[in-house]
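The sequence and structure are shown below.

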Amino acid sequence: MPGNAPRRAAAIVASAADISGAELDYSPESIDLVEDIVDGLRAEGVTGEHMAESLIAFGCYIGEILTRHVGGAWRQAPMVSPTAVPLVVELPDARGCQPID
């Protein structure tokens, strides 16, 4: 649900601070920090399957950056596959962005 995305983003902000001391501040520059965190997990051998929930939450975080800095809005997307998360951020020019996938 689109309304859950901001809550998931806030949860991963708190988790990142607790686990690695990372300060995610919803700035576009913090996307690099998210990439570093995910790359670090992969380097430790954590598989995509084991961090699926975290990856979804990080996708919500990146989507929140789009809503706050570009004026996007969370929308329900059509289900294209059983493994896809049916959420998109609709940008002001009506393009859809899939930060979770």
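Predicted model: local features only at pLDDT ≥ 70, side-chain atom pairs only at ≥ 80, totals over all residues.

## Strand pairing and sheet order

Arginine 75 stands opposite valine 88 in β2. This pairing belongs to the contact between strand β1 (residues 73–76) and strand β2 (residues 87–90), which run antiparallel and are joined by 4 bridges.

Taken together, the strands make an open sheet of 3 strands in the order β1-β2-β3, with antiparallel pairing. Strands β1 and β3 are the edge strands; each has a single partner strand, so one side of each lacks a neighbour in the sheet.

## The β2–β3 hairpin

Strands β2 and β3 form a hairpin, with 5 residues between them. Alanine 94 is located in the loop between β2 and β3, and its phi is near 75°, a positive value in a residue other than glycine. Most residues other than glycine have a negative phi. Alanine 94 counts as exposed because its relative accessible area is 57%, and the limit for that class is over 50%.

A salt bridge is formed by the side chains of arginine 95 and aspartate 93, with an N to O distance of 2.7 Å. The two partners fall into separate accessibility classes. Arginine 95 has a relative accessible area of 52% and is therefore exposed, whereas aspartate 93, with 47%, is partly exposed.

How many salt bridges does the model contain? The count comes to 4 salt bridges. Side chains of opposite charge can pair when their charged atoms come close. One of these contacts joins glutamate 53 to arginine 8 through their side chains, at 2.5 Å from N to O. The pair links distant parts of the chain, since glutamate 53 belongs to helix α3 (residues 52–69) and arginine 8 to helix α1 (residues 5–20), with 45 residues of separation. Glutamate 53 counts as exposed, at 53% relative accessibility, while arginine 8 counts as partly exposed, at 30%.

Another salt bridge joins the side chains of arginine 68 and glutamate 64, at 3.4 Å from N to O. Both residues lie in helix α3, where they are 4 residues apart, about one turn of the helix. Is glutamate 64 buried or exposed? Glutamate 64 counts as buried because its relative accessibility is 6%, and the limit for a buried residue is under 20%.

## Threonine 67 and proline 92

Threonine 67 is also found in helix α3. With a relative accessibility of 18%, threonine 67 is counted as buried. Along the chain, threonine 67 and proline 92 are 25 residues apart, and their C-alpha atoms are separated by 9.6 Å.

Tyrosine 26 is placed in the loop between α1 and α2. Its phi is near 65°, which is a positive value in a residue other than glycine. Which accessibility class applies to tyrosine 26? Tyrosine 26 counts as buried, at 12% relative accessibility. Alanine 94, by comparison, also has a positive phi, but that residue is exposed.

## Negative surface patch

Which residues form the negative surface patch? The patch is formed by Glu23, Asp25, Glu29, Asp32, Glu35, Asp36 and Asp39. One of its members, aspartate 36, lies in helix α2 (residues 30–43). Aspartate 36 has a relative accessibility of 51% and therefore counts as exposed.

Key
Residues numbered from 1 in each chain as written. Heavy atoms only, no water. Patch = residues over 30% accessible without salt bridge, like charges linked within 9 Å, V, L, I, M, F, W, Y side chains within 5 Å. Areas by Shrake-Rupley, 256 points an atom, 1.4 Å probe, with all protein chains shown as cover. Lys, Arg positive; Asp, Glu negative; His and termini not counted. Charge placed at Lys NZ, Arg CZ, Asp CG, Glu CD. Helix = DSSP H or I, 4+ residues; strand = E, 2+ residues; numbered from the N terminus. Buried < 20%, exposed > 50% of the residue type's maximum accessible area, 1.4 Å probe, protein only. Pairing = 2+ DSSP bridges.
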